[in-house]
Structures are given as structure tokens and as C-alpha cells.
Amino acid sequence: MIGEAGNFALVLALLLAAVQGTLPLAGAQRGDIRWMALARPAAAGQFMFSTLAFGCLFYSLYANDFSLRYVAQHSNSLLPWQYRLSAAWGGHEGSLLLWTWLLSAWTFAAALLSRQLPREVQARLLGVLGLVALGFLLFLLLTSNPFMRMIPAAPDGNDLNPLLQDAGMIAHPPLLYMGYVGFSVTFAFAIAALLGGRLDAAWARWSRPWALAAWSFLTLGIAMGSFWAYYELGWGGWWFWDAVENASFMPWLVGTALLHSLVVTEKRGTFRSWTALLAILAFSLSLLGTFLVRSGVLTSVHAFATDPRRGAFILAYLAVVVGGSLLLYAWRAPRLRQRTTFAPLSRESLLLLQNVLMLAATGTVLLGTLYPLLLDALGAGKISVGPPYFEKVFVPMMLPVLLLVAAGPFAGWRHGTLAQLARRLRWPAALALGAAGGLALLLRSSPMVALSLLLAAWILLGTAAQFLQQRGKLARQPRAWWGMLAAHAGLAVFVIGVTMVKGHEQVQDVVLAPGQQATLGDYSFTLQKLEDVRGPNYTALRASVAVTRAGAGGGQAVAVLLPEQRRYKVAQDTMTEAAIDRSLLRDLYVSLGDATGDGRWLLRIQVKPFVGWIWGGCLLFALGGFLAALDRRYRTAPGRVAARHAAAAPTAALDGAALPAAGAAQLAQEAP
């Protein structure tokens, strides 16, 4: 009865989502306190029943209940227990249940942490989240139910896709979905503010920690997926511009712009309409990613579903949510009049330019992702848009963004001049030019590599200059300030990693017999032996490759790498498991290919400088985001700030009155 209990729990969650998505919104409109009070208990009940449903699927997978179609399709009795559990999100239905459960968890967190918000704001916030959950629960129950029975039950399961039998599968989807779903809270805040007719600095302050948390989780999810592809697929790449990879990258780009826009709205009371639009777009692109992965329009190692009914449902849901949100925004936007002005070189101007560039870059990724699908749908033929397009179009648009990242914090609010900015940045600019130029000459780098290193050094030294500028009062700096420094330093580290691995990696395909060696760069790779090994649900051929220093002073042992070719018993698929020796400055990467028929084997050997800095930079990104989200002011001040704004600025809403000078000054002292 576990499957039936899970199904019944989903039905109850659906009913509670319907209550949560209707009565509190109507109560906020009518001023009915009793109806508004239903929002929080409905959110708690929805979370409880969604958790029960997810637990039922977990138990069914662990217990090998092959009478459930989902378990029979995505698990097997030989599968290790940790992969049986991660199979809960290894298929279409389970991944949708994970999405729905995480949405209920974010909603429950919003209900717990929004006690200090005005009652109407809280009701509208949770009401919008209830409507979002209602759509996903309907999708689950009508088209993608993971608790459908098989009669008779299967004797055993089909097994989990061998690509997904990896530790990366345990962490990557939950982290990615935490980011996707987290943007639903900032979306709900924006819709609640538009419905209530107040889009001011207090709204931005409430939204900002949620946006930071969602962005940080999404960063970790994308980084984990990149790292997983790097070591699991055997080709040594970390990003392929796959359409499904792009689906997660686009909301990340818009989310980054949203974070910077929220700073301006919170601190200066400006960019209110722009910030609301970015909040809508970030969640809309998250939903678009869901459509791309689960509609069957893509063929990808990431894609789950090929059922057109599911695609039609998601497309209709996307049209309702995104279309309705944009219509509401278009209705309210003309009333968002602002009287504030700022100089062309003020911090507001630089942040606005940075946001526009990031949104334009997102547009290029969106075009490259959807254009082939559109042509195919119209019967105009099939085309492939791959890495060359994105690298030639996207990368040049991001170079000015890197330039602005270091310059922005040194510009003054509202006022700023070129002379003032140049005076503050002269030493970081000079040191960056010297360091990048010297390194480029030493490495004999191409002009593009030299430019990228210059920008990375510029960001790193600009961040160091901000630190030194505040060295006398570091103890008084809020966590959001430290988070900004960590994220900007992470960007510099990330750019160095990408630049060095793209500009200086070495790759060679060699054919070796046991005892033979090949040399690549400063390293010699010797194939010592091959042996058969056995895993829990696979057999494997394992090569032993000894790596030593080459050239003068060579012969020093570095590592013994053990790449494998695995044959999975149930799925009858062969997978390559690369072997990697990691260090701070380089990775040595070996993958085992096929036999050539004369006792020799194909090996791909790679030397990848600084590749680990890519994921190190992403970790600094996420650390910075979490630090800023945990700033104590977001835990203690929202209610008081809202009250002050209600009293001091009763017209600072959609009727267009700008934030009063006193209120703006007060916010300037509180916000980083």
C-alpha cells in the first residue's frame, strides 16, 4: 500500500495547494484576515504531504517494489542502495516529484520566515507559490505519476542509466532544482508586490536573501553538473553548450543580474520595475528549462521525457504563468514613475549597463538554444548550433561585464566622474596590466588569453583594493560585504581557470601496448598492464598507467592512473571511467578506449592546467551568495524597515512617488 499512500498524499497536497493559491489571495484583496490566515497552515500541510509522497517513493525504490512502473523502469535489485535512492530523480516522474517537493519546502520556509511581513504581503506571497505548486501537482497526477502500478509486477527492474550511477547523480539534480525552484520565491515576491501596488525598497529587502540563496544553490548545481561531465564522460571537457546545460545557465545569468539590481532597489529605491522584471524572467527561464528537459523536444543525455502530452501540458503551464506574469507587469509598469536621476558614471549606471549586457548575453544563449528547435518545428530542416556560435557571440559580450565588475564598487552612488574613477582604480589597473602582460609573455599566450588574464587580474586586484580600502573597519563590515568580495574573487579564479585550460591544455590520442609509453608536455605515460575487475553490478577492464616526469631530470614518479571500461550487466552498456591525478595547478587525465586488434589499446591522455580553478571559482561564488544571504540584517530588520517605510513613505508605491530622501538615506546606511 506504500504506492497508494504516496498517490493519496499527492492528492491531498493538490487540494491544499488549491486552497493556498486561492483563498489567501482573495482574502488579501478583500481585507479578510481569516482567509489570509489560511496561507501558512496550507503551506505547512502541502509540505507535509509532499514529503510523505517523496518518502513513499524512496521506500519503494529501496525495497525493490517492482510493482511500481517507475521503480521497474529506473532501478534494479543489483543496483547499490545509494543509487537506488538517487533513482528517485533519475527519471522523468521522479524528477518532477523532487521539483514539487522542493517547491513545497521553499514555500514552507517562506511561511516560517515571513512572520514579520505585513499580513497582506505574506498572504499574496504564499498564494502565488500555491498556484505555482498547483500546476506542478496537476502535472504529476495527470501525466507523470510515479506511483502507477504494473500488473503483474516485473520480476526485476531495467536498471538506472549507467551514466547516472555516479556520486554526481546524488548531488547534482537536488542542488540544481534547489536553485530553479528557489527563484519561485523571488518571483512570488515580485507578483505579490505588483498585486498589492507596492514595489519599493522594502520589497527588495525582503526578496534579496531568497534570491541570493536560490542563486547560490543554482551555482553549486551547475558546477556539480560540469564537474560530473568532466570526470564521467571521458572526453575531458567541462562545458559543451548542450541545450539542457544552457537551460540552467540562462536563469543563472538573469539571476546574477537580479542580485545586482536588488542592491540598487534596496539601497537607492531605484530600478524597481527593472528588478521586478528580472525576478519574473529568472523564474520563467527556470520553467523554460523544465519544458526543454521534459517535453521531448530535445535529445540529450540530460533529457527525460519523450511524451508529447507532457510537453503540451508544460507549454500550456508556461504560457499561463509567464504570460500572466508579464501581462500583470505590463498593466502595472506604466504606473512605476520614478524621479531619481544619476550620472553616467555613477554606480547605478555601471550596474545598469552590466545588467543590460548580461541580459543581452542571455538572449544570445536563448537564441542559439531555441532557434534550431523552431526551425525543426516549422519543417524548415535541422541545424546544429554548437560551441563555435556561443564562443564567438557570448564571450565577447561578457568581456565588458568583467571590466565593470571591478569598476562598479569604486563608483559613487548617483554621482561619479571619470577622473574620480580613474584615480581610485589606477593602482589595480597598473598592477593588473603588469601581471597579466608578464604572465602572457612567459606562457607565450595568444592575444585572447592575454586579455582574459588581464581582466581576471583586474577583478582580483580590484577586489583586493576594496578590502584594503576598508581595512580599518573590517570587523564592522556586514556579511553581505564579505559575500561580495568572495563572489568577485571567485569570478577572477573562474576566469583564470577557463582561460588557462582553453589556451594551454594539451590533448593526445595514442595507441599503446603494455610496456609502451607516450610523452605529452612534461609528462610520460606508460601503459603497464590491463586486468579484469568486478563491481557490484558491472564488470570492467582496468588499465594501469604510470605517469612520470619527462625531459631533463625526468623519471620522477607522479601517479599511477587506473582508467576503466565498464560493462553493466543489466543495461548491457559500456561506459568509460576516466582516471585523473589532480593538483592545484594541473590535472593529468587518462581515458581508456578500444583495442586495435594487435594487442594495443587506444588511450586519450591530457594535461589540463588550472582546470580545478573553474570549480574553485564556482565554490567561491556560492560561498559569497550564502554569506550575503545570512547577513543578520535580513533576519532581524524586515518588519521594522517595512513599518518605517509605511510611515515615512506612504506614497512610495505604484502611484509613482519616489522614496523620500530621509528614507533613502536610512536604507543607504543599512544596505551594503
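Biologist: Leaving aside neighbours within four places in sequence, which residues is Gln466 in contact with?

Modeller: Keep in mind that this is a predicted model. Gln466 has its place in helix α16, residues 447-469. Once its neighbours within four places in sequence are set aside, the residues in contact with Gln466 are Pro409, Phe410, Trp481, Met484, Leu485 and His488.

Biologist: Does that side chain's residue, Gln466, count as buried or exposed?

Modeller: Buried means under 20% relative accessible area. Gln466 comes out at 5% relative accessibility, so Gln466 counts as buried.

Biologist: Let's move to the helix pair. How are α6 and α9 oriented to each other, roughly parallel or roughly antiparallel?

Modeller: Helix α6 (residues 92-113) packs with helix α9 (residues 201-232) at an angle of about 150 degrees, and their axes are 13 Å apart. Angles over 145 degrees count as roughly antiparallel. So for α6 and α9 the term is roughly antiparallel.

Biologist: And what is the class make-up of the contact of α6 with α9?

Modeller: α6 goes past α9 in a right-handed crossing. On the α6 side the contact is made by Trp106, Ala109, Ala110 and Leu113, and on the α9 side by Trp210, Ala213, Ala214 and Phe217. Sorted by class, that contact has no polar and no charged residues, and 8 nonpolar.

Biologist: Which residue of β9 is the bridge partner of Ile580?

Modeller: β8 and β9 form a hairpin with 3 residues between them. The two strands run antiparallel, joined by 4 bridges, with β9 covering residues 586-595. Ala579 has Val590 as its bridge partner in β9. For Ile580, the partner in β9 is Tyr589.

Biologist: What about the loop between β8 and β9: is Leu584 buried or exposed?

Modeller: Leu584 sits in that loop between β8 and β9. Its C-alpha atom is separated by 33 Å from that of Pro209, a residue 375 places away along the chain. The cut-off for exposed is over 50%. With 64% relative accessibility, Leu584 counts as exposed.

Biologist: Which residue in the turn between β9 and β10 has a positive phi?

Modeller: β9 and β10 pair in the antiparallel sense over 8 bridges, and Arg586 stands opposite Pro609 in β10. The two strands form a hairpin with 5 residues between them, and the turn residue with a positive phi, about 95 degrees, is Gly597.

Biologist: How many of the 10 residues of β9 are buried?

Modeller: In the strand order, β9 stands between β10 and β8. Helix α9 lies across β8, β9 and β10 (601-609), running at about 120 degrees to β8. β9 is largely enclosed by the rest of the structure, because the number of its 10 residues that are buried is 8.

Biologist: Last one: which strands does helix α17 touch?

Modeller: α9 lies across β8, β9 and β10. Helix α17 (residues 479-504) packs on the sheet too, and its direction makes about 135 degrees with that of β10.

Definitions and conventions
Residues numbered from 1 in each chain as written. Predicted model: local features only at pLDDT ≥ 70, side-chain atom pairs only at ≥ 80, totals over all residues. Heavy atoms only, no water. Buried < 20%, exposed > 50% of the residue type's maximum accessible area, 1.4 Å probe, protein only. Contact = heavy atoms within 4.5 Å. Axes fitted to C-alpha atoms, helices over the stretch in contact; angles between N-to-C directions. Parallel < 35°, antiparallel > 145°, perpendicular 65-115°, else oblique. Left-handed = near helix turned anticlockwise from the far one by under 90°. Nonpolar A, V, L, I, M, F, W, Y, C, P; charged D, E, K, R; others polar. Pairing = 2+ DSSP bridges.
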